Amino acid sequence: MTKEYESNYEKVTEDWRNRFLAMDQEDLIERFQLEHDADWLYLRYLGQPLKISCRSGEILFADREELPGFNTAMTAYNMFYYAKEHPVAAGELVPFRQVKRVYPFERAYQKQILEPFTRTFSGHVKELQEACEKLGGTRLPQGDAGYRIPVYPYFDVAVLFWDKDEEFEAQGNMLFDANITDFVHEEDVVCIAADVVQYLTQAAGLEEVKIYVG
């Protein structure tokens, strides 16, 4: 009997959960230096503690029995699947357009990620600063709010924001490790950016902005 899914997102998540179960988990533990026990692999993502079931492949928040959103789950599964054998972060943060192979997704990134990010935090610099710090960010000199935030323990993203004034509208931007696509699929860069906006709005106590990429 064919299983029925409520949405395509659910079907894709199920497919990737099964793909994860076919991976060599001992190899994943070694390659990604994962904390683990008999039942779970543990991973930190944008300040969120995650755990992945060794038996079902399901991903949950480690501090509460809740499923993360589609973007978060896909980014974790895809990193395990697409990462190079020995990826190394460049340490250099670059604009989206300079990330390798992401050109087809630039319009979606601008319209779906940066514009909502800028609108949401216009007039809320203090809240953005506090939210970045809650996600483990460290202050950068650029912008009214500029922070370098760990995505996974392996590479970072930067959030830059200039609030509106009498002359200019608010401006927001993000920078990504130049080697991010050695860790994840190029489409996942947009998923990560969407999660940055979602988790920052949560941490800031503003209306949560959920952006579904795909």
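Visitor: Which side chains meet in a salt bridge at 2.9 Å, N to O?

Guide: In general, side chains of opposite charge can pair when their charged atoms come close. Here, the side chains of Lys51 and Glu65 form such a salt bridge, a term that means a side-chain nitrogen of Lys or Arg within 4 Å of a carboxyl oxygen of Asp or Glu. This is a predicted model, in which local features need pLDDT of at least 70 and side-chain atom pairs count only at pLDDT 80 or more, while totals for chains, interfaces and linings use all residues. Residues are numbered from 1 along each chain as its sequence is written, and side-chain values use heavy atoms, with hydrogens and water left out.

Visitor: Where do Lys51 and Glu65 lie?

Guide: Lys51 belongs to strand E3 (residues 48-53) and Glu65 to the loop between strand E4 (59-61) and helix H3 (70-82), so the pair ties together parts that are 14 residues apart in sequence. Helices (H or I, at least four residues) and strands (E, at least two) are DSSP runs, numbered from the N terminus.

Visitor: Is Lys51 buried or exposed?

Guide: Lys51 counts as buried, at 10% relative accessibility, whereas Glu65 counts as exposed, at 59%. Buried means under 20% relative accessible area, exposed over 50%, and partly exposed in between (1.4 Å probe, protein chains only).

Visitor: How many salt bridges does the structure hold?

Guide: The structure holds 13 salt bridges. One of them joins Lys100 and Asp182, with the closest N and O atoms 3.3 Å apart. This pair ties together parts that are 82 residues apart in sequence. Lys100 is partly exposed at 33%, and Asp182 is buried at 8%. Another links Glu130 and Lys126 (2.4 Å, N to O); these two are four residues apart in helix H5, and therefore separated by about one helical turn.

Visitor: At what angle do the axes of helix H5 and helix H6 cross?

Guide: Two packed helices are described by the angle between their axes and the distance between the axes. The axes of H5 (residues 125-134) and H6 (residues 186-204) come within 8 Å and cross at roughly 110 degrees. Axes are lines fitted to C-alpha atoms, for helices over the stretch in contact, and angles run from 0 to 180 degrees between N-to-C directions. H5 and H6 are therefore roughly perpendicular, the term for 65 to 115 degrees.

Visitor: Which residues make the contact?

Guide: With contact meaning heavy atoms within 4.5 Å, Glu127, Leu128, Ala131, Cys132 and Lys134 of H5 meet Leu200, Ala203 and Ala204 of H6.

Note on methods:
Angles under 35 degrees count as roughly parallel, over 145 as roughly antiparallel, 65 to 115 as roughly perpendicular and the rest as oblique.
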